[in-house]
Amino acid sequence: MNAYQSFEHVRSREIAALNLTLEEYEHRKTGAKHYHLAADNPENVFLVAVRTVPEDSTGVAHILEHTALCGSERYPVRDPFFMMIRRSLNTFMNAFTSSDWTAYPFASQNRKDFDNLLQVYLDSVFFSRLDELDFAQEGHRVEFSEPGNPDSPLVYKGVVFNEMKGAMSSIGSQLWQTLSAHLFPTTTYHYNSGGDPEVIPELSYQQLVDFYRSHYHPSNAMFMTYGDISAAEHQEKFEDLALHRFDRLDESIAVGPEERFVEPRRISEFYPVDDPDTSNKTHLVMGWLLGNSTDLEGLLEAQLLANVLLDNSSSPLLHTLETTELGKAPSPLCGLEDSNREMVFCCGIEGAASDTIPAFEELVLGKLQELAEHGIEQERLESVLHQLEFHQREITGDGYPFGLQIILAALGPATHRGDTAAILDIEPVLDKLRERITSPQYIKGLVRRLLLDNPHRITLELRPDPQLNAVRAASEQARLDALRDGMSEQEVQAVIDLAQRLKTRQEQEDDASILPKVELSDVPPEIKTHPFSQETLGGDTGMPMTFFPQGTNGIVYQQLILPMPAFTPEQAQLLPLFTTCLTELGMADLNYLQVQALQAAHCGSLTAFSSVRPLPDDEQEVRAYLVLSGKALQRKAAHMSELMQRLFSEVRFDELDRLRELIAQMSARRENSITGNGHALAMSAASSGMSPAAALSYQTSGLAGIRWLKQFNNAPDLDWLSHQLSGMHQQLLGQQSQLLLVAEQASQSELSQIAASHFSSGSNSESYQFARLRDQRRLAWQTNTQVNFCAKAYPTVPTNHDDAPALTVLAGFLRNGYLHRAVREQGGAYGGGASHDAANATFRFYSYRDPRLVDTMQDFDASIEWLLSSRHDKQAVEEAVLGVVSSLDKPGSPAGEAKQQFHSTLFGRPPEQRARFRSGVLAVDEAELKRVAEQWLRDPNSASIAVVSNESALQENNTWLERNALQRETL
């Protein structure tokens with residue numbers, strides 16, 4: 001392999017399963033590593049990471065990740081990262097802080113754009129300015145609640161401070177941080193790398209600078225690239241832009257091994273709840289510290305054992321956790337954590353009574369002892385290896401770019417100086433495991449060696465405390481009061497001056513021209529489309545089938561699509577339960593455990609979902625479908641088709657205990673997701689009166705749906721539910737249906753024959769009828785969160801209206817020009833912005849993990865006044881247009897792009913329609929933005945409002961809630 005002159009080629013390895021070659025290089029002068037994943041893919045990915053090993057919970061690595069992106073030597077502007085998002089056609093831009101590394105990745109399909117981003121990223125990472133004002137903004141600071149008034153109370157502010165308040169409202173985060181603190185008493189994993197809000201204010205600016213100087217150096221860095229740009233071309237830029245200015249560091253930053261326990265330990269701690277009823281709200285988790293994650297054989301053995309125990313409901317340990325009367329559902333902390341230096345396996349339950357640690361330990365250890373004595377069926381072990389093979393082969397990329405997902409998989413071993421090639425090329429070790437599982441003693445020995453005979457174990461009891469939030473708030477206030485009482489006049493003035501200097505800096509207009517950019521002329525002229533063919537299975541009166549030939553690496557994707565029948569309103573409320581049950585229950589003479597085992601043996605996954613969208617000409621005209629979706633290795637295609645057909649036609653709803661378990665699990669998952677998804681839930685609530693589809697989404701999947709499920713879970717009428725679900729199934733069986741297949745071109749004939757032998761269509765064309773709806777909503781939801789989520793929604797126009805492209809661009813324009821500064825930088829929220837939901841004809845403002853409420857709502861209104869009363873730079877409009885086009889053109893996986901094209905067409909949005917919308921976006925100018933804002937967003941009385949907050953904040957803002965007629969709702 002050709003390397004640039006300053007790099008030495010270490011080795012190369014072809015990884016056929018991923019269609020790439022891994023090339024490893026080392027920089028001669030600094031020792032920096034470069035891992036290049038050479039692939040025939042124009043979506044090139046870059047990531048630079050540094051090992052970061054904090055020794056406290058001040059969040060120094062996390063705050064540094066934010067602050068490093070706030071201006072650099074070549075780009076001394078206040079916010080180059082967010083400015084580049086607007087000046088780019090990127091398909092991904094972000095930065096991450098993990099427990100032992102900090103990474104800065106981006107991806108782009110445009111070579112010019114890739115080079116632009118590379119310049120800014122390298123300068124930000126290795127030559128950051130680290131302005132003290134940026135530390136105050138992104139990390140933490142104290143201000144008087146009334147700026148300039150020293151008689152008003154002191155408050156903490158800071159983006160990361162509020163981000164982590166929101167993050168630590170999640171029970172999953174609290175469980176993991178508490179478990180890690182006790183499993184890792186002596187290494188960096190003992191600490192909260194994101195930052196504990198109670199400890200973050202202890203971090204000084206000088207400590208941040210010192211951490212940067214010791215950690216952000218090429219000798220401690222890993223460069224990782226993916227795509228069709230050569231390694232040598234990358235390396236020449238690395239050298240010219242950064243590396244030639246550094247010498248090798250003698251120090252080696254690494255995470256050491258944890259000191260091992262000689263006996264297991266029990267820990268009992270508390271978490272906050274708002275509900276005074278604390279019965280059956282305890283979380284119980286057992287966690288084991290395993291071996292090094294860089295040992296590929298040990299890693300795959302741990303993955304094998306974790307999947308054997310917990311992969312699906314027929315897995316022995318998960319089945320035990322789902323069916324025990326000690327708790328309501330399995331813990332969100334079930335599985336293997338393999339990204340740290342040493343792996344952790346954990347399992348648990350939620351909804352338990354207090355003081356049940358002994359019974360819980362007896363339950364788990366008893367099941368493990370049973371497996372160590374009697375072993376596991378050979379078929380189950382083969383199914384687990386089948387799942388590992390499937391996930392190794394699948395080309396993903398519908399969330400993160402495919403190349404980035406591979407890079408992140410390799411980043412852990414690279415961080416700990418392990419073998420990255422071995423981690424990516426697991427086929428040789430899979431072959432070894434296939435041989436080993438033929439011995440009945442093998443899995444028995446794994447259970448004993450990794451778990452039963454492993455004394456490094458924690459049993460954690462996390463108990464609910466309805467007073468804890470108040471205690472923490474009082475403690476924070478006491479710290480602030482003590483700080484204020486100890487201030488001299490000069491220190492008081494320093495706080496006032498800092499706030500004013502920061503405000504001045506946040507409002508200054510930087511010279512954006514020093515940053516590189518792409519032009520509208522760099523935008524591809526046309527959207528990407530995929531060819532397909534259509535046929536009718538079984539003759540003219542059979543089932544329509546659409547086939548997309550795509551490079552899927554030997555995987556078949558199949559969907560059965562049916563119009564949603566004319567369900568009653570009661571039945572429509574049950575849609576999430578119904579679609580979940582379709583693939584989670586038994587069928588015919590098989591119980592749900594047997595069906596789950598069949599799915600694991602033959603499918604990569606098998607799911608069902610509802611798809612509901614308005615038509616592009618009228619948000620009141622709605623289409624709704626139910627979809628049964630599967631994917632499998634091509635050699636398993638016939639098994640998958642048979643299983644899908646049988647599940648669809650023979651599913652049974654008489655397993656009442658299983659229904660109870662599924663309800664409990666769904667209720668727990670949805671309630672636990674609120675703090676991570678609060679802005680989307682707030683927007684859903686605010687938009688719930690805008691269209692029939694928006695109303696159904698809110699009632700089934702939004703906050704109203706979460707509450708309904710929680711209440712039903714508390715007192716389930718299982719006989720009624722079984723009857724309703726059975727009735728829905730009978731209605732579904734008669735519906736006209738069609739099939740979608742995505743696979744390799746060469747497999748089309750075989751797959752068509754398989755489909756024809758298994759599927760036939762019903763004759764009923766009657767579908768669910770939606771009542772027209774265009775109402776205002778004013779809602780204030782009380783949940784268990786330390787931060788707020790705000791939303792405001794205006795009625796606008798549907799997708800095909802001439803104003804829809806301009807409104808879509810307007811959302812980005814307001815975010816870029818006003819909301820980012822007002823809501824995030826000045827207000828301290830982790831995020832804030834706007835979006836135009838053309839499908840439901842509504843324009844939505846939002847904030848995420850926000851310390852404010854009323855002031856944020858005022859910022860939403862002020863952004864419109866700012867737009868209409870100011871003259872704006874043409875470049876700012878172009879940046880907003882680029883942002884929309886970038887999102888419209890963002891690539892997905894081969895299968896994902898085909899499915900998106902099919903389903904868009906199904907809802908009246910064929911490629912021609914999407915091309916027209918894209919052309920409309922490219923034609924937007926400032927005058928159009930002002931015109932649509934004046935027409936659709938000018939009347940605040942027409943807006944709907946929703947906030948998601950806690951009892952204390954809602955009470956504090958009760959006057960505003962009453963004045964704006966917000967209805968209080970509680971989960």
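A polar contact is a pair of N or O atoms within 3.5 Å; within protein, one atom must be able to donate a hydrogen and the other to accept it, and residues adjacent in sequence count only if both atoms are side-chain atoms. The views below come from a predicted model, in which local features need pLDDT of at least 70, side-chain atom pairs count only at pLDDT 80 or more, and totals for chains, interfaces and linings use all residues. Residues are numbered from 1 along each chain as its sequence is written, and side-chain values use heavy atoms, with hydrogens and water left out.

**View A. Serine 128 in the loop between helix H3 (111-126) and helix H4 (132-138).** Helices (H or I, at least four residues) and strands (E, at least two) are DSSP runs, numbered from the N terminus. A polar atom of the serine 128 side chain lies 3.2 Å from the backbone oxygen of alanine 68. The backbone nitrogen of leucine 130 is 3.5 Å from a polar atom of that side chain. Serine 128 is buried, at a relative accessible area of 11% (buried means under 20%, exposed over 50%, partly exposed in between; 1.4 Å probe, protein chains only). Leaving aside residues up to four places away in sequence, serine 128 touches Thr67, Ala68, Gly71, Ser72, Asp123 and Tyr212 (contact means heavy atoms within 4.5 Å).

**View B. Helix H1 (residues 60-67) and its cover.** Of the 8 residues of H1, 8 are buried, so the helix is largely enclosed by the rest of the structure. Among them are His62, Glu65 and His66. The elements covering H1 include strand S6 (96-97), strand S7 (101-108), H4, helix H5 (159-167), helix H7 (205-215) and helix H29 (804-826).

**View C. Helix H22 (residues 637-650) against helix H28 (residues 748-758).** The two axes come within 9 Å and cross at roughly 25°, which makes H22 roughly parallel to H28. Axes are lines fitted to C-alpha atoms, for helices over the stretch in contact, with angles running from 0 to 180 degrees between N-to-C directions; angles under 35 degrees count as roughly parallel, over 145 as roughly antiparallel, 65 to 115 as roughly perpendicular and the rest as oblique. H22 contributes Ala637, Ala638, Ser641, Glu642 and Gln645 to the contact, and H28 contributes Leu751, Ile754 and His758.

**View D. Aspartate 859 in helix H30 (residues 854-869).** Aspartate 859 is buried, with a relative accessible area of 12%. Not counting residues up to four places away in sequence, aspartate 859 touches Tyr818, Leu819, Ala822, Val823 and Arg852.
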